Structure formats: structure tokens, C-alpha cells
Amino acid sequence: MIIYIYGIIDSNTSIDEPIRGLEGERIYNISLLDIGIVASNFKGITKDITKAHVLVHEDVLEKLMKKFTVLPFRFRTLFNKEEDVLSLIRGSYIDVRGNLNRLHNKAEFGIKVIWSGDKIKEQIESDFFKRECNMHGESDLPEKRFIERKFEKYKIDKEYGEKAEICIAIVDNFFNRFAAEKKIEKLKSKDLLLNAFYLVENGKQGDFKKAFEHLKIAPVDFKYLFSGPWPPYNFVNIKI
Amino acid sequence: MPKKIRMFDEKTDYSDIQREKRITLVEILDRALNKGIVISGDLVISVADIDLIYLGVKVLLSSVETMETMRELPAETLP
Amino acid sequence: MMDRIIETDTPDAFIEEIEKIQDAYSGKVNINPENIENGLAKLILTIVELIRKLMERQAMRRIENGSLSEEEIERIGETLMKLENKILELKEMFGLKDAELNINLGPLGDLL
């Protein structure tokens, strides 16, 4: 019987609430010492994986989150039998237990910020050329012109990067003090200035949300996205 | 050669409500498909990505059936 | 605990950006018997491009802190210029004209 895995929880007792997972199968808890691996039987009837399946996976995790500490699995982990799951997780029990302790009572939140990368760069460029113009005449040597242009680009890119760092730090400052941990992805794309994940204790989540309200009204031309609470996808740290 | 399974999208129309659902979907997919605990190895039947070569590090898939998912976000068509 | 919410005034903008970065997870170097020559060329040129970028960055830093003479700057300019042109030439030769040289290292992101 093939088993589909959703996550690991900090409980080894059976789950009373009738939660349905993939293919409408009831989820159950596989006990291991003082933890549990949440699974459902997978008949493999569906040949086509649709986004709906991923939503079900997520839905199960969010229901579990209300009662337990959950270490979410990536979508699509299957095992041939229960023994296989147990032997694998047993081998990493200490790691798993450590994660459960660390993530207890906390949830993940996401903050994304979009800025106008092009506009900012143009501004820096025009300021740069205003400053630097007439410092040197145009060289007649192609190598010299080549390197001069490279250097200009280098200086502009550097300033652009520094500006990004400053803006990211300002945004982060709104949320930092409410987070136990954070992971920040900077400038993953030209306009996505910030893609940040924050691990926030239950008691501080209200303040965290309020901080977002304050950020939204800041007098800058940025776009903001708030999401959460999520299972701690970005904060599980387990090598299996 | 492992089978490829494509992810299909349900029919959608593009009202404001759908756009909200769409950002929710994108956020969920981003997490559930890419993050969380990842296990690979002999005991796992992993519905994994297309066989990737990361400079010599090969993602091993072993199982009765290896399936692959290819995430396809729906093509935008205006109503 | 609150119910999960996603709040933004501009969902479309974020959908666009998230889709852009998700492409990074699906990138790959695809080497099979049919395209092995191209695949290898691409791999090698990507490494050469990496070296070129590192050289360029080193040069910029040294110009910035003034540790190069005028003559040295000219010489580096010539070297980098020739290297850049050579790489372009080789790209064309292998039909990688518009192709971006890069290798996706999975969870580590792109090499370049």
C-alpha cells in the first residue's frame, strides 16, 4: 500500500478529527517515539496531478497546524510501505525533534516588496552622469573607452545594489523585532526587491500584522504583499 | 525514460475573485512544490522534477514507477 | 492563531514576479546524445564566462581603489575586450547566439 506523506507532528496519538487528504483518503498518524508522521493511503488512481492536489496537501497541513507543531513535507513524497517511512525518520529523529522544539508555537509569514527597478536605476544613472560629466574627455583608444564604460556600469550597479540594501533594511526593520528567525531573498528579479520569510511566535502575530499596516502607508512608491500564517516550509532544517 | 506528468489547471475565468485566488494559488505552489522537507533515496517514491544534472550531482529516483511533474501555470487568455 | 491570509493591493504584479523567479527552479542543463556537442560547449563557455566576470570584477575593484596605473588599465581594457569578443564569437560558432550562458545549481540558484 503506497503511502503519501504530509508532514511530521509533535504527537504520537491518533488524529481524531476526520481530515481528508489526497483522493479523499482519511489521514492518519504513524507513531514514532513521541512524534508522528502524518500520512494517507495513496491508491494512485489519479494519473494527472493537478494543482488541486497541491491545495489538498496544503489544506491538510493548515488543519494540523491548528493543533500541532508541523514540519511540512514538500508536495509529492511517497513510500511503498510504512516500515520504510519509519526507518528513514527514525534515523533522523534527533534532528526532527530539534526542529519540532524550535518551531513550536510559531508560524511562517511572508513579506514581498516590489519596487520600480528601472526607474531607480535611471535615477541613479542620471545623477551619476551629472556628477561625472566633464571629468575626463572621451578617450580615443577603444580599450580605454571600453574599460571606462565598464567602470561606469560598475559604479552605477554598485550604487543600485547599495540602494536596494538600504530599502531592504528599512522594510526589514518593521518586522525584525517580532520574528524569532528570518530568511531574506534580495532582488531575485529586477522588480522583486524583497522576498522575506519570518518565523513569528503566536503571541506576536498580531503585532506583526500591525507592522505591515504601518509599512503599507509608508510614503514610498512600493508594492507590498503579506501572507501567512503558513506551515514553516522555509524554516525546517532537516537532512534526511 | 521516466514518464512526464503535466499539471493541468481547472477552467478559470478572470474576474477579480479569480485574481485573488490566483495569487493564493501561486503562493501555495511556491511553498509546497519547492520548500519543506525533501527526501530522496532508495526508499522514497518521489514524484520529482525532471532528471537534473547539477554539475555532476544527480538526483536519484528509485521506485516502481518514477513520475515527474512539470508545473505549468495556465496561459492567460482574456475573456 | 489567525487564519491564513494573503493581502496585497496589487496581486497581478506579484503573480508576475513570482512566476519569474519560479523559472529558476526548473532550469537545467540538458545533455543527451543529440545535443551533446552543444551541451558541452555551453557548459565550457559558461565556465569561461564565469572567469571573465571574475576578472572584470577584480579589475573594477582595483580601478576603484586606484591601485592600477594608466598603462595597466589600458592593458586590462584590451584583454577584457578581446575576451568578451572571443566568447561572443564562440557562442555564435556553436549556435548559442542569443542563448544566455548559465548553469542552474538547483537550490543554490544560478551559477552566474
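Predicted model: local features only at pLDDT ≥ 70, side-chain atom pairs only at ≥ 80, totals over all residues.
Strands here (E, at least two residues) are DSSP runs, as are helices (H or I, at least four), numbered from the N terminus. E6 covers residues 179–186 of chain A and runs antiparallel to E7(A), with seven bridges joining them. Two strands count as paired if DSSP finds at least two bridges between them.

Residues are numbered from 1 along each chain as its sequence is written, chains are lettered from A and ligands numbered from 1 in the order in which they are written, and side-chain values use heavy atoms, with hydrogens and water left out.

E7(A), residues 192–201, has nine of its 10 residues buried, so the rest of the structure largely encloses it. Buried means under 20% relative accessible area, exposed means over 50%, and partly exposed is in between (1.4 Å probe, protein chains only). On E5 (residues 106–114 of chain A), E7(A) has an antiparallel partner, with nine bridges in the pairing. Ile111(A) stands opposite Ala196(A) of E7(A), while Glu108(A) has Leu199(A) in E7(A) as its bridge partner.

How many residues of E5(A) are buried? Nine of the nine, so E5(A) too is largely enclosed by the rest of the structure. Both of its faces are covered: the buried residues include Lys106(A) and Glu108(A) on one side, and Phe109(A) and Val113(A) on the other. E5(A) also runs antiparallel to E8 (residues 223–230 of chain A), joined to it by six bridges. Among these contacts, Gly110(A) has Ser227(A) in E8(A) as its bridge partner.

## Aromatic pairs

Searching the whole structure turns up 15 aromatic pairs over all chains. Rings of Phe, Tyr and Trp (its six-membered ring) pair if their centres lie within 6.5 Å; planes under 30 degrees apart are stacked, over 60 edge-to-face, and the rest tilted. One of the tilted kind is Tyr4(A) with Phe75(A), at 6.1 Å centre to centre and 55 degrees between the planes. The pair links distant parts of the chain, 71 residues apart: Tyr4(A) is in strand E1 (residues 3–9) and Phe75(A) in strand E4 (residues 70–79), both of chain A. Tyr4(A) and Phe75(A) are both buried.

Phe128(A) and Phe129(A) have ring centres 5.4 Å apart and planes at 85 degrees, so that pair is edge-to-face. Phe128(A) is buried at 6% relative accessible area, whereas Phe129(A) is partly exposed at 39%.

## A ring cluster and two lysines

Ring pairs also tie Phe109(A), Phe174(A), Phe175(A), Tyr198(A), Phe208(A), Phe212(A) and Phe226(A) into a cluster. The ring of Phe226(A) has the charged end of Lys209(A) sitting over it, 5.3 Å from the ring centre. The criterion for a charge over a ring is NZ of Lys or CZ of Arg within 6 Å of the ring centre and within 35 degrees of the ring normal. Lys121(A) likewise has its charged end over the ring of Tyr160(A), 5.0 Å from the centre.
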